[in-house]
Amino acid sequence: MVVLVTGANGQLGQAIQSISGKYPEIDFVFCSSSDLDITNLENCQAVFSNYQPQFCINAAAYTAVDKAESEPAKAFDINANGPENLAITCKKFNTILIHISTDFVFDAYFSDGIAYYDRELRLPLKSDFGLTETDVPFPSGVYGLTKLQGEQAIQANWEKHFIIRTSWVYSQFGNNFMKTMLRLASERDSLSVVADQIGTPTNAVDLAEVLIKIIQSSNHPSSFGIYNFSNERQCSWYDFANEIFRQKGVSIDLKPIPTSAYPTPAKRPAYSVLDKTKIKSTFDIKINDWQTSLSACLKQL
Ligand SMILES: NC(=O)c1ccc[n+]([C@@H]2O[C@H](COP(=O)([O-])OP(=O)(O)OC[C@H]3O[C@@H](n4cnc5c(N)ncnc54)[C@H](OP(=O)(O)O)[C@@H]3O)[C@@H](O)[C@H]2O)c1
């Protein structure tokens, strides 16, 4: 079985590469952005023609959340046109497309201790476990909007797809919050981290394992559609930083601050915990809590 991975040098792409040796039955084709530019339809079709993949994992994306506010056309090209090109190409080659999306398609928030997922309609969450796949997306920034447009382009063009929404991805690879915290701690005596945005960290290696599990599952095509995946439980960015330093034995003066004290070009959701009931029951998976997965990742550093 041939599985083609786009964006192979990104965090998730490298995480998939790191576990690929465990699956000799899968013939992985890892494509960097120079091997396969997802914004170029002809390039996509030429590469697919060469490898004839049964599955394509789209790990390519424009992920610079703040920069996207000043580069909306580039973000749209990579996050919306790119998935559309892949969907058209997958249809032509009858390839199942596994696309990665984000919790930033939502803009949920708290009021009086209740989480609501929509600022205009003020609808409370349907599930006690977080945002579900059927909650109405409502992105607040360019990144989230273009990722939602990418999901919609896939849905409009090719039914054989899985869209996996994930959150707060980190790993031993690339740039991410965990590595930034450890770097800053080596440079400073104190740090202030936002404590009023609640979500769940996701170890990219756990996500990579779930993607393989989906590929190996026997319940396609009835399972095509949108799924949430992150590690279990929830925390704030401050809690996440605190746990990184606790597990690493780093001593630092860590201060919790409100979002208002750390203005950024892009607005972030105040609440983005994802309900994983659907992915757990459909693919029979158990998910580690975020502290356990953080520990596994820190051991790899
Ligand atoms: N990181 C997070 O916290 C987070 C949270 C939720 C969801 N996600 C989603 O998870 C997925 C993986 O994210 P990640 O953290 O692994 O991202 P990443 O580390 O930023 O990697 C993205 C990769 O996409 C490649 N790329 C950019 N433009 C491309 C193009 N036109 N054609 C082909 N490849 C292109 C980049 O290659 P170059 O370096 O060569 O440009 C890079 O290797 C993305 O869909 C992202 O939206 C991420």
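Student: Which residues of strand 4 lie on one side and which on the other, and are they buried or exposed?
Tutor: Before answering, note that this is a predicted model, in which local features need pLDDT of at least 70 and side-chain atom pairs count only at pLDDT 80 or more, while totals for chains, interfaces and linings use all residues. Residues are numbered from 1 along each chain as its sequence is written, and side-chain values use heavy atoms, with hydrogens and water left out. Strands are DSSP runs of E with at least two residues and helices are runs of H or I with at least four, numbered from the N terminus, and buried means under 20% relative accessible area, exposed over 50% and partly exposed in between, with a 1.4 Å probe and protein chains only. Ile96, Ile98, Ile100 and Thr102 are on one side of strand 4, Leu97, His99 and Ser101 are on the other, and they are all buried.

Student: How many bridges join strand 4 to strand 7?
Tutor: Two strands pair if DSSP finds at least two bridges between them. Strand 3 (residues 55-58) runs parallel to strand 4 and is joined to it by four bridges, with Leu97 as the bridge partner of Cys56. Strand 7 also runs parallel to strand 4, and Ser101 stands opposite Arg165 there. The number of bridges joining strand 4 to strand 7 is six.

Student: Which elements do the buried residues of helix 4 pack against?
Tutor: Helix 4 covers residues 142-157, and its buried residues include Tyr143, Leu148 and Ile154. With contact taken as heavy atoms within 4.5 Å, these buried residues pack against helix 3 (72-93), strand 4 (96-102), strand 7 (161-166) and strand 12 (225-228).

Student: What kind of aromatic pair do Phe104 and Tyr143 form?
Tutor: Rings of Phe, Tyr and Trp (its six-membered ring) pair if their centres lie within 6.5 Å, and planes under 30 degrees apart count as stacked, over 60 as edge-to-face and the rest as tilted. For comparison, the rings of Phe28 and Phe30 have centres 5.4 Å apart and planes at 10°, so that pair is stacked. Phe104 and Tyr143 are 5.9 Å centre to centre with 80° between the planes, which makes the pair edge-to-face.

Student: Why does the pair of Phe104 and Tyr143 tie together parts that are apart in sequence?
Tutor: Phe104 is buried at 13% relative accessible area, and Tyr143 is buried at 10%. Because Phe104 lies in the loop between strand 4 and strand 5 (109-111) and Tyr143 lies in helix 4, the pair ties together parts whose separation in sequence is 39 residues.

Terms used. Expected span 1.5 Å × (residues − 1).
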